[in-house]
Each structure stands twice: as structure tokens, then as C-alpha cells.
Amino acid sequence: MFNKIYHEIRKHDKIIIIRHKSPDYDAYGSQLGLYYALKQAFPHKKVLVDGDDNNHNIFKKAMDAVFVDDYKDSLVFIVDASSENMLLNDYYKYADKIVILDHHDNDAPFADYVIIKKDYSSAAELVTEFLTSTKINIPVESANALFIGIVGDSNRFLYKGTTSNTFNMAAILFDTGINIVDCYNAIQRDEKESDKRFRGFVLSNFKIKEKVAYIYISREDRLKYDVSDCFASRGTINLLSGIEGVEMFVNFTEMDTGEVNCEFRSKEIPVLEVAKSYGGGGHALASGARIAIGYDYMEVVDKMNEVIKG
Ligand SMILES: [Mn+2]
């Protein structure tokens, strides 16, 4: 399959790389890692990156201004995403061919080439493997982005998805000459005082029902602390990990889009089916979904407890 995808790259003059909205380090890392490699290997092709931007973009490349017409006749890569609701818009539908390189647990029926490795630490690990197998050179800017993607999603090689393949891919990236201390420093920046204080808000206001810890963050709460919706939800979800007697935890955050983002995490019992039942997706132990503001979110908490009871 890698070789067929390589062939598609050769056939297309225009390549657009997209990833999930509200990008994290893996979304950016896999997107920009692929971007820099294709730019160098195919200097005469137009390679574009599209998507929303946020403060996880610690790379020296802003998103391009890409319009729906640009997608016509293009080859689109979707990295770190494989369900339509994870994407910012549906412009990719106008592409000539669509490739998915992902590690989320989805079926992705809408692409021409689908490679989903749900056991992989990160999409960046898979992109590294793709570039290596197809002998596309990985320049150092690319390796830098890919390494940060792997480190971001595996939490520095700590999470379950970390395997010998993860280390093999990291070794390939390391050998391009990246400075991993710089990579770690880029991720671990000092945070804003308001973000730090907001962590205190989350820790003081979460609740527990049976075996589920949860917090509901209203728009008002966010404005009071001046924190972004992305930080309030994904940026603080892990504060609820490691509570005795708690199996799963969830963060409900009212987003700027007017919906409530639900971030689900679980110690061991898969929580993905709960996310999917609300139209979301993700991984077995870490997933997300959206519900309407005003929706009875305690129903979601109850559903999680039911799954725990088995
Ligand atoms: Mn990822």
C-alpha cells in the first residue's frame, strides 16, 4: 500500500495535507513532518498544509490559505484523523485521491487509500514509517516535527502504544541530526499564569459519581480565567487521572463553536464506545465527542459507569 501511495504522489502536481481540528503535537507533527519531506523530495510540486491553528504550532510553518478550489485535482493526505467529524471542513471531498494515515480507531470508508494502525503510538510514527519505506528522505525539519509528534502522543514514550517500532522510528529521526533536548524544551514551555490558575480551578471543582470523575466547564468559567477552549478541555483532562477508585474521567467544556466538547479518558476499560455513541471517536482509552449545550451531560457520566459495570 505504501508503494501505491508513493505512486499517487508522483502522479499529482498538487498535494494538500490536512489533519484533525484543534491540532495537538501529533496532528501538527505528522502533518508538517510529511510536508517538509515532500517539499524536499518533490520541489516542483505544490505542497500545501491546511487547517485551524493554535498554540501547539511550535513549528516554523503557518497553515497555508487553502480554498475549496485548490482541492480540485489534488492528492489529499489526511493524517492523525480518519472520521469526517474530526476534520475542519469537507473540502477534501473535491480531491482527486484521498490517503489516510492514522492511528485512531475508525473505519474511514471515505478514502481511496486507508492505512490505520490503531496500535501505533502516534500518526507521526506511521508517517515516519511511510517515508522510510518509500525511501523519501527525511530532512531535519521533518524529523523534528515527527519526533515531537511521537513524543506528544506517547507522552515521552510512556503510554501503552509505545513499542519497539516506536523506538525504531525515533532512532531513524534521531539519526537525521535532531536535537531532542530542543524538542523537549519546545514542548515544555512556561505556561501563562491564567492557565496555571485554571488548573487549580479544575482540581477544586471536579466531581465524582461512582467510578467516574467529571468536570463541566462553562463558557463563563473559561472567560473568568481567560483560557482557550482547547486548553480548558484537552489541556486539563489529565488532571483527573490517578484518583483512587476512579476508572474513567471526562471533561465537558463549552467550546467557542457553541457545543460541549467531551474528552474521555480511562485507566483500562475501553471508553471509545461511549464516545462513538455520541458521534465521536478516538482511541480505546482516550477519545472525544461533542454534545449540545444544555444536553444532560450526567447521562454521559451514567453511561460511562454502565460500561465500567460491564
Ligand atoms: Mn495522534
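The structure is a predicted model, and the chain contains 11 helices and 11 strands. It is divided into domain 1, covering residues 2-187, and domain 2, covering residues 194-309.

**Overall size and domains**

- Along its principal axes, the C-alpha trace of the chain spans about 55 × 40 × 40 Å.
- A compact globule of 310 residues would have a radius of gyration near 19 Å, and because the chain has 19 Å, the two values agree.
- The C-alpha centres of domain 1 and domain 2 lie 27 Å apart, and nine residues of domain 1 are in contact with eight residues of domain 2.
- On the side of domain 1 that touches domain 2, the residues divide into six polar, two charged and one nonpolar.

**The five-stranded parallel sheet**

- Five strands form an open sheet with parallel pairing, and their order across the sheet is E2-E1-E3-E4-E5.
- Strand E2 (46-49) and strand E5 (113-116) stand at the edges with a single partner strand each, so one side of each is left without a neighbour in the sheet.
- From one strand to the next, the twist of this sheet averages 15 degrees.
- Within the sheet, strand E1 (residues 14-19) and strand E3 (residues 75-79) pair in the parallel sense over five bridges, and isoleucine 17 stands opposite phenylalanine 77 in E3.
- Helix H2 (residues 25-41) lies across E1, E2 and E3, and runs at about 165 degrees to E1.
- Helix H3 also packs on the sheet, where it touches E3, strand E4 (97-102) and E5, and its direction makes about 120 degrees with that of E4.

**The contact between helices H3 and H4**

- The axes of helix H3 (residues 123-133) and helix H4 (residues 140-154) come within 7 Å and cross at roughly 140 degrees, which means that H3 is oblique to H4.
- H3 contributes Ala123, Ala124, Glu125, Val127 and Thr128 to this contact, while H4 contributes Leu146, Gly149 and Ile150.

**The six-stranded mixed sheet**

- Six strands form another open sheet, in the order E6-E7-E8-E9-E11-E10, and here the pairing is mixed.
- The edge strands of this sheet are strand E6 (207-209) and strand E10 (281-282), each of which pairs on one side only.
- Strand E9 (residues 259-266) and strand E11 (residues 286-292) run antiparallel and are joined by seven bridges, and asparagine 261 has arginine 290 of E11 as its bridge partner.
- Helix H11 (residues 297-309) packs on this sheet and touches E6, strand E7 (212-217), strand E8 (248-254), E9 and E11, with its direction making about 165 degrees with that of E8.

Notes: Residues numbered from 1 in each chain as written. Predicted model: local features only at pLDDT ≥ 70, side-chain atom pairs only at ≥ 80, totals over all residues. Axes fitted to C-alpha atoms, helices over the stretch in contact; angles between N-to-C directions. Helix = DSSP H or I, 4+ residues; strand = E, 2+ residues; numbered from the N terminus. Parallel < 35°, antiparallel > 145°, perpendicular 65-115°, else oblique. Contact = placed C-beta atoms within 7 Å. Domains from an automatic or database assignment. Nonpolar A, V, L, I, M, F, W, Y, C, P; charged D, E, K, R; others polar. Pairing = 2+ DSSP bridges. Rg over C-alpha atoms; globule rule 2.2 N^0.38 Å.
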